[in-house]
Amino acid sequence: GVVGYAALACTTLGEALQTSGQVKNVVVENKAGAGGAIGMAQFVNNEKGNPNALLVAGAVTVGALETNKSPVNFGMVTPISRLMGEFNVIVVPAASPYKSIKDLMAAYKANPGSVSIGGGSAGGIDHIMASLMSEKAGVDPDKLNYIPFAGGGEGKAAILGNQIAAYISGYGELADLIKAGKVRALGISASTRNPDIPVPTIREQGTDVVVYNWRGVFAPAGISAADRTQLIKMVETAVKSPTWKDKAAKLEWLDMLQSGDAFTAFLNEDIKRTGAMVKKLKLGN
């Protein structure tokens, strides 16, 4: 089974494992809620030692575990590979008066509470990005009017229905709405412009914020070293397959494949950095 908060990466990994001949059948379960913390708790409790179960989780889950003071953590699973990354994009309704990040930030500075910004769960990468933008504007992130949505569907409905001023999500999640002109993309959280994405960076518009959302795959604790090696090989083969590559190209995913010890080292750094940010922004409840 592949369990994941990161639904698209999860489903795509399942398909790629099958089409590349790594496994015969895959059951994909999407466990939303608390930025993946709930799915992770179930995985930790139910799958110990099982080399046939995988969990897809990432930057969002790191933030959620820190924010929710979760009883589970990444020390309770076996990191296999970092699969991909993607940049966030901040969008406004098509009829919004805000035409640029400068416009949005000017309105936010003048009256923080009046500019509601939606995104994924509290403490996740979207929330951290909004908080960093607030900091760069010289406004205490405590004043941020952040609206967390458990699933992408609700968030999209809110921005399309003009219920929130702006919405932050992965570019891949919003690409279709942006291309159809249903929302206006103000900025992308990359350090430099991507030639394939017709959206200016947030940084080049005077708000120096760069974040990317990564997702990785984990096995349960208690698996053998041989199983870990085998799983790394399976996942790497799947991620190099046409099934994965086609989907990644379509969604503008960044190739960030990194496995085993290197991925574990990256993960531990990310947990430290996110924990410090969550404390600084007083996001923990």
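Just after helix α9, E252 takes a positive phi of about 60°. The model is predicted: local features need pLDDT of at least 70, side-chain atom pairs count only at pLDDT 80 or more, and totals for chains, interfaces and linings use all residues. Residues are numbered from 1 along each chain as its sequence is written, and side-chain values use heavy atoms, with hydrogens and water left out.

Helix α9 spans residues 242–251. Helices (H or I, at least four residues) and strands (E, at least two) are DSSP runs, numbered from the N terminus. The buried residues of α9 are W244, A248 and L251; buried denotes under 20% relative accessible area, exposed over 50%, and partly exposed in between (1.4 Å probe, protein chains only). Seen down the helix axis, these buried residues fall within an arc of 75°, so they line one face of α9. The arc is taken from the directions from the helix axis to the C-beta atoms. P242, D246, A249 and K250 are exposed on the other side of α9. The buried residues pack against α1 (7–19), β4 (77–93), α7 (171–179) and α8 (225–239), with contact set at heavy atoms within 4.5 Å.

In soluble globular proteins, nonpolar side chains tend to be buried together. A nonpolar core is here a set of buried Ala, Val, Leu, Ile, Met, Phe, Trp, Tyr and Cys residues joined through side-chain atoms within 4.5 Å. The largest such core holds 50 residues, of which F74, I90 and F218 touch the most other members. Helix α5 (residues 125–136) supplies the largest share of this core, six residues. Another core, of 23 residues, lies apart from it; C10, A219, I232 and M234 are among its members. Not counting residues up to four places away in sequence, the contacts of I90 include I101, L104, M129, M133 and I202.

V209 sits in the loop between β8 (183–188) and β9 (212–220). V209 is buried, with a relative accessible area of 2%. Beyond four places in sequence, V209 touches M129, L132, M133, K136, S189, I202 and R203. V209 and I117 are 92 residues apart in sequence and 16 Å apart in space, C-alpha to C-alpha.

D270 belongs to helix α10 (residues 260–280). D270 counts as buried, at 7% relative accessibility. A polar contact of 2.6 Å joins the side chains of D270 and R273. Such a contact is a pair of N or O atoms within 3.5 Å; within protein, one must be able to donate a hydrogen and the other to accept it, and residues adjacent in sequence count only if both atoms are side-chain atoms. D270 also touches A59, V62 and W214, not counting residues up to four places away in sequence.
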